[in-house]
2 protein chains.
Amino acid sequence: MTGKLSVLPTPRMDLAGPDVADAAAAAALLADPVRAGILRMLADGRHCVCEMAAALGVRENNLSNHLARLRNAGMVSASRHEANGRFLYYERNDAVVAAARAALDEVLR
Amino acid sequence: MTGKLSVLPTPRMDLAGPDVADAAAAAALLADPVRAGILRMLADGRHCVCEMAAALGVRENNLSNHLARLRNAGMVSASRHEANGRFLYYERNDAVVAAARAALDEVLR
DNA sequence: GCGACATCTCATCGTTGCATGAGATGTTCC
DNA sequence: GGAACATCTCATGCAACGATGAGATGTCGC
């Protein structure tokens, strides 16, 4: 039922490129199995570095590097345990995580 | 329980690492702005390579490389235009895209 | 068939990202 | 205070990634 004024297919060369910078940045954070594992573990509650390093099978200074990236992106934050300050417990920043999820959903929608 | 009357926090060193391989793989595909832009454009319908290259501001052979990765992952598929076979039109494979989205949601949930 | 066009593949190169090791900071316990 | 522990930061080497150019394949119009 399409009116056929033109039979030739006409690629549109004037389309606007979508803004996917936020989604790509969020995906880059999730693209590493260690960082994805961190975020998945923190979805169930707070954990200290040594717990996550053991569960994920990586060294602690390696994990700390990945945590620094997530921290700089505002996705997680750390606080020392009240009873034993040796342990740094990380938790997710749900607002930032939700924003990342929304940006990704906008692309995969 | 492990300790006696101890109030010391006891990090659990026996936690199982979550399986985030699928999510990380999906995120790696979305982590490049060109590939994210492709998927976002294809969410609105099929497009040929030259259209997407123009909209995203990249050269066609560059875009073709990114399309090859999405194709290998099964996320998109290509077919020539019926009326003018010069143009390859790409469309999303919604089942694979939905699986990627589910894997990412499992991490960000 | 030939020339123009659309797209792909491959090799290369510069850049980025990750794991590692060493050293620094902060915390607890004695 | 000092030892042991938990974590961070920084510099380095290596592997993966992305952009580019050249050449190959396939399609169209003449």
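1. Helix α4(B) contributes the most to the surface near DNA strand C, with six residues. Helices here are DSSP runs of H or I with at least four residues, strands are DSSP runs of E with at least two, and both are numbered from the N terminus. The model is predicted: local features need pLDDT of at least 70, side-chain atom pairs count only at pLDDT 80 or more, and totals for chains, interfaces and linings use all residues. Residues are numbered from 1 along each chain as its sequence is written, while chains are lettered from A and ligands numbered from 1 in the order in which they are written.

2. Stay with DNA strand C. It has 24 residues around it, and the closest are A:G85, B:V49, B:C50, B:N61 and B:S64. A residue is near a strand if its C-beta atom, placed from the backbone, lies within 6 Å of it. Two or more residues each come from α4 of chain A and from α3 and α4 of chain B. By class, this surface has ten nonpolar, eight polar and six charged residues. Ala, Val, Leu, Ile, Met, Phe, Trp, Tyr, Cys and Pro count as nonpolar; Asp, Glu, Lys and Arg count as charged; the others, Gly among them, count as polar.

3. Now DNA strand D. The elements giving two or more residues are α3 (49-56) and α4 (60-72) of chain A, together with α4 (60-72) of chain B. Here α4(A) has the largest share, six residues. The classes are nine nonpolar, eight polar and six charged.

4. Next, the two protein chains. In chain B, 45 residues are in contact with 44 residues of chain A. Contact means that the C-beta atoms of two residues, placed from the backbone, lie within 7 Å. On the chain B side, α1 (21-30), α2 (33-42), α3 (49-56) and α5 (94-108) each give two or more residues. The largest share, seven residues, comes from α5(B). This side has 33 nonpolar, five polar and seven charged residues.

5. Look at two helices of chain A. Helix α1 (residues 21-30) and helix α5 (residues 94-108) pack at about 115 degrees, with axes 8 Å apart. Axes are lines fitted to C-alpha atoms, for helices over the stretch in contact, and angles run from 0 to 180 degrees between N-to-C directions. In α1(A), A:D22, A:A23, A:A26 and A:A27 meet A:A100, A:A103, A:L104, A:E106 and A:V107 of α5(A). These residues divide into seven nonpolar, no polar and two charged.

6. Chain A also has a sheet. Three strands form it, open, in the order β1-β3-β2, with antiparallel pairing. Two strands pair if DSSP finds at least two bridges between them. The edge strands are β1 (47-48) and β2 (76-80), each pairing on one side only. Strands β2(A) and β3(A) (residues 88-92) pair over five bridges. One bridge joins A:R80 to A:L88 in β3(A). Helix α2 (residues 33-42) of chain A lies across β1, β2 and β3, at about 85 degrees to β3(A).

7. Last, one residue: B:C48, in strand β1 (residues 47-48) of chain B. Leaving aside neighbours within four places in sequence, B:C48 is in contact with A:P11, B:F87, B:L88 and B:Y89. B:C48 and B:F87 are 39 residues apart in sequence, yet 6.1 Å apart in space, C-alpha to C-alpha.
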